[in-house]
Amino acid sequence: MRLTFGLIFAVVLAACGADGEPVQPNLSAGVSVGSGGVNGNVGVSVRKGPVSIGWNIF
């Protein structure tokens with residue numbers, strides 16, 4: 001639980017520009033339909049230079 005909140009805090013801190021220029025987070029969402037039913041996924045990522053932090057919610 002602490003790790004999850006730590007990652008969220010790091011993404012928010014990077015996105016607000018507290019460490020330099022603001023970095024805009026990327027949001028991705030998708031829905032797939034197959035023989036197993038309907039599946040959805042949502043993810044958020046932040047990229048600055050060679051470093052990328054991402055988190056898949058579903």
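Biologist: Which residue in β2 does Gly-34 stand opposite?

Modeller: Gly-34 stands opposite Gly-37 in β2. Two strands count as paired if DSSP finds at least two bridges between them. Before going on: this is a predicted model, where local features need pLDDT of at least 70, side-chain atom pairs count only at pLDDT 80 or more, and totals for chains, interfaces and linings use all residues. Residues are numbered from 1 along each chain as its sequence is written, and side-chain values use heavy atoms, with hydrogens and water left out.

Biologist: How many bridges join β1 to β2, and what links the two strands?

Modeller: There are 9 bridges, and the strands run antiparallel. A hairpin makes the link from β1 to β2 through 2 residues. Further along the strands, Leu-27 stands opposite Val-44 in β2.

Biologist: How many helices and strands are there in the protein?

Modeller: The protein has 1 helix and 3 strands, and the pattern along the sequence is α-β-β-β. Helices (H or I, at least four residues) and strands (E, at least two) are DSSP runs, numbered from the N terminus.

Biologist: What is the strand order in the sheet?

Modeller: The order is β1-β2-β3, in an open sheet with antiparallel pairing. β1 (26-34) and β3 (51-56) are at the edges with a single partner strand each, so one side of each has no neighbour in the sheet. Neighbouring strands are turned by 25° against each other on average, direction ignored. For that angle, axes are lines fitted to C-alpha atoms, for helices over the stretch in contact, and angles run from 0 to 180 degrees between N-to-C directions.

Biologist: And how many bridges are there between β2 and β3?

Modeller: Strand β2 (residues 37-48) pairs with β3 over 6 bridges, in the antiparallel sense. Lys-48 stands opposite Val-51 in β3. The two strands form a hairpin with 2 residues between them, and Gly-49 in the turn has a positive phi of about 65°.

Biologist: Is Val-38 buried or exposed?

Modeller: Val-38, in strand β2, counts as exposed because its relative accessibility is 61%. Buried means under 20% relative accessible area, exposed over 50%, and partly exposed in between (1.4 Å probe, protein chains only).

Biologist: What does Val-38 touch?

Modeller: Val-31, Ser-32 and Val-33, leaving out residues up to four places away in sequence. A contact means heavy atoms within 4.5 Å.

Biologist: New topic. Which residues make the nonpolar surface patch?

Modeller: Met-1, Phe-5, Ile-8, Val-12, Trp-55 and Ile-57 make a patch of about 620 Å². Patches are made of residues with over 30% relative accessible area and no salt bridge, with like charges joined within 9 Å and nonpolar side chains (Val, Leu, Ile, Met, Phe, Trp, Tyr) within 5 Å. A salt bridge is a side-chain nitrogen of Lys or Arg within 4 Å of a carboxyl oxygen of Asp or Glu.

Biologist: Where does the largest share of the patch come from?

Modeller: From helix α1 (residues 2-16), which gives 3 residues. Val-12 is in helix α1, and at 51% relative accessibility Val-12 counts as exposed.

Biologist: What about the accessible surface of the protein?

Modeller: The accessible surface comes to about 4,700 Å², with 62% belonging to carbon and sulfur atoms. Accessible areas come from the Shrake-Rupley method with a 1.4 Å probe; for residues, only the protein chains shown count as cover. Buried residues make up 10% of the 58 residues.
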